[in-house]
Amino acid sequence: MSDPFPKVPSTPASPRAWLNALRLRTLPLAAAAILLPSGLLALQGKVQFEIVGLALLTAFLLQILSNLANDYGDALSGADRNRIGPARMVASGQISPQSMRWDILAAAAAALASGLTLLRHLQGTPKTYALWLGLGLLAVAAAVRYTVGRRPYGYRGLGEVAVILFFGPVAYAGIWALHGRTLTTADWGPALGTGLLAASVLNLNNLRDREEDAQNNKITLAVRLGDRGGRLWHSALLGVGLLGLLLYAFPRSVPLTWGWALMTLAYSSLLRRIWQVREPAAYDAFLKPTALYLLVMALMPWILYWRTP
């Protein structure tokens with residue numbers, strides 16, 4: 001059996017290598033998952049800024065944990081050996097596997113500490129506290145197990161499911177619970193919508209890496225569906241996600257409806273160009289705008305909040 005880590009650096013990793021391993025360009029998605037539900041609470045005059053700040057910190061740490069674990073796990077499996085996108089640090093030999101394992105442990109500890117601090121704001125019964133503590137531990141486990149372990153779920157086509165749940169209903173309901181609120185039927189529109197739009201970013205990533213992943217037995221949903229099926233799935237993620245958000249905003253806020261409608265047009269233009277892609281590497285150009293569009297949508301309730309006397 002060949003060594004999964006053929007390149008082991010003989011010197012400590014550079015600060016630039018660690019910065020690349022953090023993959024900060026993924027943080028807008030984590031921010032959107034917190035800013036959108038808290039922004040809707042702000043429009044209702046119910047927001048608590050300390051909770052929002054701690055929730056953002058926790059979300060960022062969980063995202064960084066996932067990025068580090070993904071870098072390590074894909075190097076271990078060989079999935080990053082000939083990747084199309086930006087180089088990964090362990091697979092390219094810029095960070096040693098041992099160093100990355102320690103950093104994963106540190107990130108997990110930081111995420112747990114931040115999450116426990118956040119839970120101090122939760123009001124309710126011990127059962128409610130136990131529920132959210134369990135979901136927090138599950139979020140940490142999900143961040144690591146995406147590509148690490150004996151049977152990583154990211155290699156079985158379940159990555160989008162995890163993103164939809166944790167970036168959507170779990171994050172949304174968590175912000176609501178921390179503010180002493182419970183979800184109504186209408187809240188499921190933006191809760192699921194945020195998760196679906198976040199999952200579209202992962203789908204683009206998997207479409208880009210589809211051929212390489214198939215060769216390395218990383219069976220993502222894009223591998224299962226194929227290129228055309230993956231694009232149809234992408235269209236469904238965007239269409240249903242945007243519809244959920246618009247249906248929520250329409251009877252509640254005319255400015256928010258117009259803002260999200262304009263972003264729907266922007267997403268539509270992006271989707272049209274995605275359907276014109278001919279080479280897998282071309283999907284990479286759409287990752288950043290797709291993530292930033294969701295962040296813009298998440299910031300719109302906050303813009304309306306600050307502009308309202």
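## A charge over a ring

Let's start with Arg 252, whose charged end sits over the ring of Tyr 248 at 4.4 Å from the ring centre. A charge counts as sitting over a ring when NZ of Lys or CZ of Arg is within 6 Å of the ring centre and within 35 degrees of the ring normal.

Before we go on, a word on the model: it is predicted, so local features need pLDDT of at least 70 and side-chain atom pairs count only at pLDDT 80 or more, while totals for chains, interfaces and linings use all residues. Residues are numbered from 1 along each chain as its sequence is written, and side-chain values use heavy atoms, with hydrogens and water left out.

## Aromatic pairs

A pair of aromatic rings is described by the distance of the centres and the angle of the planes. Here, rings of Phe, Tyr and Trp (its six-membered ring) pair if their centres lie within 6.5 Å; planes under 30 degrees apart count as stacked, over 60 as edge-to-face and the rest as tilted. Searching the whole structure on these terms gives eight aromatic pairs.

One of them joins Phe 49 and Tyr 305, a tilted pair with 6.4 Å centre to centre and 50° between the planes. Phe 49 belongs to helix H3 (residues 49–77) and Tyr 305 to helix H11 (residues 287–307), so this pair ties together parts that are 256 residues apart in sequence. Helices (H or I, at least four residues) are DSSP runs, numbered from the N terminus.

Tyr 305 forms an edge-to-face pair with Trp 302, at 5.9 Å centre to centre and 85° between the planes. Both of these residues lie in helix H11, three residues apart, or about one turn of the helix.

Trp 302 is buried, with a relative accessible area of 8%. For these labels, buried means under 20% relative accessible area, exposed over 50%, and partly exposed in between (1.4 Å probe, protein chains only). Ring pairs link Phe 49, Trp 302, Tyr 305 and Trp 306 into a cluster.

## Positive phi in two loops

Have a look at Arg 23 too: although not a glycine, this residue has a positive phi of about 50°. You will find Arg 23 in the loop between helix H1 (15–22) and helix H2 (27–43), where its relative accessible area of 21% makes it partly exposed.

Asn 217, another residue other than glycine, has a positive phi near 60°. Asn 217 sits in the loop between helix H8 (210–215) and helix H9 (221–249), and is exposed, with a relative accessible area of 57%.
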